[in-house]
Amino acid sequence: QNAGSGQIVRLPLVPRYIVSINRAEPLQYAMEHAELAIQLSKEGNKYVVGLDLSGNPLKNNFTNLEPAFQSVRNAGLKTSIHCGELPCDADTTDNDGATADPSPIIDFALKDTEKILAFQPDRLGHALLLTDDMFRTLENSPHRIPIECCPTSNVMTLELATHYQGDLVSGLRMHPRLQKWLDIGYPISLNTDDPGIFNTSASDELILVTEAFKMCDPWKITNIVVDSVSHTFQSDDFKNDLRENIMNQVKGLSEGFLGGFDLIS
């Protein structure tokens, strides 16, 4: 809050660019984009920081595109890969109780996700429908891979609000993993996925999570935002400065609108 004016002063936007690879495209396409990202980085371009894999999860598999991601990793850039958008396991018993073969889609999703997790990207996108064993491995790892969580997108794509007349808050409470991530303090960031398609904003996502999981303490959602700074593809000095700026901003807002509140670490 700007002293004396009663107006909120927003922190300056700090843009960075992650080159995105469409899963449906061949390796040649991915390598061209990876090589461009590497070239820009070598030329001192501070804005290009990594490579992302997204798109239709049924198109192509990570193994075919892995060389592109290995090349940017070798060049010092970061990687973010969407996974777990398709079920990786299901009830595979038939009507007689015998073990049945998983469907081709589940088998594909399982093998593809195993390859992605073995690659150990710097961030995972969505990671909704992994097996319990996969989640336990992530949760118990000394170097937990941060997850980019997109609440509104997840509710809509998984149709979690179907039985709640489309209510996003009720739908989000049915999220397959978010409550657990919050309970155990798993490293996540809250994102929009695509603000145009899902008609949302970063602020809307924070409010949605706060309402769905009844976060009465304002520092709970604040800590998620502050902690997610650690997942940014930036230097430690940059992260420290950004954390300090965010905390100063939040403290100013708390004093101006809430009468102040104590930080809960």
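Is R123 buried or exposed? R123 counts as buried, because its relative accessibility is 14%; buried means under 20% relative accessible area, exposed means over 50%, and partly exposed lies in between (1.4 Å probe, protein chains only). Accessible areas come from the Shrake-Rupley method with a 1.4 Å probe, and for residues only the protein chains shown count as cover.

The model is predicted, with local features needing pLDDT of at least 70 and side-chain atom pairs counting only at pLDDT 80 or more, while totals for chains, interfaces and linings use all residues. Residues are numbered from 1 along each chain as its sequence is written, and side-chain values use heavy atoms, with hydrogens and water left out.

## Salt bridges

A salt bridge is a side-chain nitrogen of Lys or Arg within 4 Å of a carboxyl oxygen of Asp or Glu. The count by this rule is 6 salt bridges, among them the pairs in the table.

| Salt bridge | Closest N and O atoms |
|---|---|
| R123 and E148 | 2.7 Å |
| R136 and D133 | 2.4 Å |
| E139 and K180 | 3.6 Å |

The salt bridge between R123 and E148, with its closest N and O atoms 2.7 Å apart, links distant parts of the chain: R123 is in strand β4 (residues 123-126) and E148 in strand β5 (residues 147-149), 25 residues apart. Helices (H or I, at least four residues) and strands (E, at least two) are DSSP runs, numbered from the N terminus. E148 is buried, because its relative accessible area is 12%.

R136 forms its salt bridge with D133, and the closest N and O atoms are 2.4 Å apart. R136 and D133 are separated by about one helical turn, because they are 3 residues apart in helix α4. At 43% relative accessibility, R136 counts as partly exposed.

The salt bridge between E139 and K180 has its closest N and O atoms 3.6 Å apart. E139 lies in helix α4 and K180 in helix α7, so this pair ties together parts that are 41 residues apart in sequence. E139 is buried, with a relative accessible area of 12%, whereas K180 is partly exposed at 38%.

## Aromatic pairs

Rings of Phe, Tyr and Trp (its six-membered ring) pair if their centres lie within 6.5 Å; planes under 30 degrees apart count as stacked, over 60 as edge-to-face and the rest as tilted. By this rule the count comes to 3 aromatic pairs. One of them joins F62 and F69, a tilted pair at 5.9 Å centre to centre with 55° between the planes. F62 is buried, with a relative accessible area of 0%, and F69 is buried, also with a relative accessible area of 0%.

F135 and W181 form another tilted pair, at 6.2 Å centre to centre and 55° between the planes. F135 lies in helix α4 (residues 132-140) and W181 in helix α7 (residues 178-184), so the pair ties together parts that are 46 residues apart in sequence. Both F135 and W181 are buried. Ring pairs also link F62, F69 and F119 into a cluster.

## Helix α4 and L138

L138 also lies in helix α4. L138 is buried, because its relative accessible area is 7%. The C-alpha atoms of L138 and L117 are separated by 8.8 Å, the two residues being 21 apart along the chain.

## Positive phi values

Where does H126 lie? H126 is in strand β4, and its phi is near 70°, a positive value in a residue other than glycine. H126 counts as buried, because its relative accessibility is 4%.

E159, a residue other than glycine, also has a positive phi, near 55°. E159 lies in the loop between α5 (151-157) and α6 (168-172). At 58% relative accessibility, E159 counts as exposed.

## Surface charge

Which residues gather in a patch of negative charge on the surface? They are D236, D237, D241 and E244. Patches are made of residues with over 30% relative accessible area and no salt bridge, with like charges joined within 9 Å and nonpolar side chains (Val, Leu, Ile, Met, Phe, Trp, Tyr) within 5 Å. Lys and Arg count as positive and Asp and Glu as negative, while His and the chain ends are not counted. The place of a charge is taken as NZ of Lys, CZ of Arg, CG of Asp or CD of Glu.

D236 is in helix α11 (residues 236-257). D236 counts as exposed, because its relative accessibility is 57%.
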